[in-house]
Amino acid sequence: MRTRLLQGLSLLSTGLLAGAFSYGAANLVPTFNAVPLDMRLDFHAELMKMNGITVQGTMAISALSSLALAALTRGRTRVLAATAGALTVASFVITRFGNVPINGRIKQWAVTAPQADHAGILHRWELFNYARTLTAVVAFALLAFMALRVTAPTRGSLGRESQVADRVPCDT
C-alpha cells in the first residue's frame, strides 16, 4: 500500500510539473515574444515570484517521491522510477543554474533597462525552458508507463482470463 501511494504521489507531482512546464513552453513563451519588451519583463518578473515557490516545491516532491519509489522497488520498476527521479533532478538543475540566474537579470531589467545583448540572453532562457520541459515530460511519461503496464493474462478462480496489473512491488 505504501508503494502504491508513493507511486501515485510521484505520478501526480511529476504530471503537474510536466504540465506547468509544457503550458509555459506552449503558451507563455510565444506570448512573451509577441508583446512589447517592457511588458514581457514586468510580467516575467511577477510570474517568477509565484513560480519560485510552486514549481520548486513540485520539483522537490516529484524527485523525492520518484527516488523513494526506486529505493522501495526492484527490476524494471526501479529503473523507471530512478530514471524519472533523475530527470526531475535534471529539471531542477537546469532551472537553478540556467533559468534562475537569467530571471534575476530580468527582474533588474524590469526596473532599469535591458542590456544590449538582452535578446540573446532571453533566447538562452527559452532554450533552458525547453530543456527542463523535455526532462519533466519524459519523467512523467516513464511514470505513466510504469503505472499502466500490465502482465500477461492470468486465470481467475472460475477459469476466466483477467488482467492482473503489474503493480509496483510485484516487478522482477
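1. The largest nonpolar core of this predicted model consists of twelve residues, namely L28, V29, F32, L41, L47, M48, I102, I106, W109, I121, L122 and W125. A nonpolar core here is a set of buried Ala, Val, Leu, Ile, Met, Phe, Trp, Tyr and Cys residues joined through side-chain atoms within 4.5 Å, where buried means under 20% relative accessible area with a 1.4 Å probe and protein chains only. Helix 1, helix 2 (37-72), helix 3 (75-111) and helix 4 each give two or more residues to this core. A second, separate core has eleven residues, among them L6, L69, A70 and A81.

2. Apart from neighbours within four places in sequence, F32 is in contact (heavy atoms within 4.5 Å) with R40, F43, H44, L47 and W125.

3. Helix 1 (residues 2-34) and helix 4 (residues 118-148) pack at an angle of about 150 degrees, their axes lying 8 Å apart; axes are lines fitted to C-alpha atoms over the stretch in contact, and angles run from 0 to 180 degrees between N-to-C directions. The two helices are therefore roughly antiparallel, a term used for angles over 145 degrees.

4. The protein has four helices and two strands, arranged from the N terminus as α-α-α-α-β-β; helices (H or I, at least four residues) and strands (E, at least two) are DSSP runs. Of its 172 residues, 38% count as buried.

5. Residues are numbered from 1 along each chain as its sequence is written. Local features need pLDDT of at least 70 and side-chain atom pairs count only at pLDDT 80 or more, whereas totals for chains, interfaces and linings use all residues, and side-chain values use heavy atoms, with hydrogens and water left out.

Key
Angles under 35 degrees count as roughly parallel, over 145 as roughly antiparallel, 65 to 115 as roughly perpendicular and the rest as oblique. Buried means under 20% relative accessible area, exposed over 50%, partly exposed in between (1.4 Å probe, protein chains only).
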